[in-house]
Amino acid sequence: MPNKRFYHIGFGQNDLGSSPPSIALLSGDPERSHLIAETYLQDVRLLSENRGLNSYVGYLLNGKSILAATSGMGASSLSIVVNELIQVGIRQIIRIGTCGSIQPYIPVGSIVISSAALCRQGAANDIAPVEYPAAADPFLTVALVKAARELEVEHYIGITASVDTFYEGQERTDSANPNLMRSLHGITEEYRRLNILNYEMECGTLFKMAGVYNFAAAAVCGVVAGRSVSENIILEQKNIAIRNAMATAVNAAATLE
């Protein structure tokens, strides 16, 4: 149904033009999607600002058509956006996010490229069973690693803990709820011992959707908090981390078929 405009993303196939993109760079934050569009894309068109899910279509320097889209915060919002993006013809998605590292050797300002996710997300359970693997596409992941190396961006590759909540689910006690459930006490140290690299809130569901819907997905996150030291986001390094993640994703996208 090329004439259909989807309720949440606010656009349809016909809005993508004569050279529609098959790849989307997906950010949780609408400002990040806008930054990608204005920094890296040419002949940019705003597709929609519906519900804060800002989307832009444009071209990379090599002429590749690309979509810069917004998923909103969390897996539930992402699941809606991704479902509709697949319906308009997107077949490759790179999530560009932020995260907190839980390994002491991963510094703020670097990036984490997720090879797979420990998925603790309710939205994902509506997509596939708990035991269904949440794995990134290997070819997209290799493209991200190659791009990070070429850009000389400090990067780490491994398993991500993808959870639904920013505070309780990531064992933060400095919040309105200092009374964590017993099952969450010590979970960060447990994940650390399992060689999990970081916390974030979307890629587990994205990876499961990719497996079920038959598209390719990968994720790169800028490290904005070092959870081995503090619960807090380091604002001074946030922009560096985000720009490193964006540059890596854009350079990887340029190499994809």
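Is Ala216 buried or exposed in this structure? In the predicted model examined here, local features need pLDDT of at least 70 and side-chain atom pairs count only at pLDDT 80 or more, whereas totals for chains, interfaces and linings use all residues. Residues are numbered from 1 along each chain as its sequence is written, and side-chain values use heavy atoms, with hydrogens and water left out. Ala216 has a relative accessible area of 13% and is therefore buried, a class defined as under 20% relative accessible area, with exposed meaning over 50% and partly exposed in between (1.4 Å probe, protein chains only). Ala216 has its place in strand 9, where strands (E, at least two residues) and helices (H or I, at least four residues) are DSSP runs numbered from the N terminus. Although Ala216 and Asp137 are 79 residues apart in sequence, their C-alpha atoms are 5.4 Å apart in space.

Strand 8 is itself mostly covered, five of its five residues being buried, and it pairs in the parallel sense with strand 7 (residues 155-163) over four bridges. In that pairing the bridge partner of Ala161 is again Tyr199.

Another set of pairings involves strand 3 (residues 55-59), which has four of its five residues buried and is therefore largely enclosed by the rest of the structure. Strand 3 pairs with strand 2 (residues 42-48) in the antiparallel sense over four bridges, and Leu46 stands opposite Tyr56 of strand 3. These two strands form a hairpin with six residues between them, and in the turn Arg51 has a positive phi of about 55 degrees. Strand 3 is also joined to strand 4 (residues 65-70) by four bridges, again in an antiparallel arrangement, with Ser65 of strand 4 as the bridge partner of Tyr59. Strand 3 and strand 4 likewise form a hairpin, with five residues between them, and Gly63 in its turn has a positive phi of about 90 degrees.

The helices were examined by their axes, which are lines fitted to C-alpha atoms over the stretch in contact, with angles running from 0 to 180 degrees between N-to-C directions. Angles under 35 degrees count as roughly parallel, over 145 as roughly antiparallel, 65 to 115 as roughly perpendicular and the rest as oblique. The axes of helix 4 (residues 138-151) and helix 7 (residues 235-255) come within 8 Å and cross at roughly 120 degrees, and the two helices are therefore oblique to each other. Helix 1 (residues 30-40) packs with helix 7 at an angle of about 60 degrees, their axes being 11 Å apart, which makes helix 1 oblique to helix 7. For helix 2 (residues 75-87) and helix 6 (residues 203-213), the angle is about 30 degrees and the axes are 10 Å apart, so that helix 2 is roughly parallel to helix 6.

Four aromatic pairs are found in a search of the whole structure, the criterion being that rings of Phe, Tyr and Trp (its six-membered ring) have centres within 6.5 Å, with planes under 30 degrees apart counted as stacked, over 60 as edge-to-face and the rest as tilted. The rings of Phe166 and Tyr167 have centres 4.9 Å apart and planes at 85 degrees, and the pair is therefore edge-to-face. Phe166 is partly exposed, with a relative accessibility of 30%, and Tyr167 is partly exposed at 40%. Arg172 lies over the face of Phe166, 3.9 Å from the ring centre, a charge being counted as over a ring if NZ of Lys or CZ of Arg is within 6 Å of the ring centre and within 35 degrees of the ring normal.

Notes. Two strands pair if DSSP finds at least two bridges between them.
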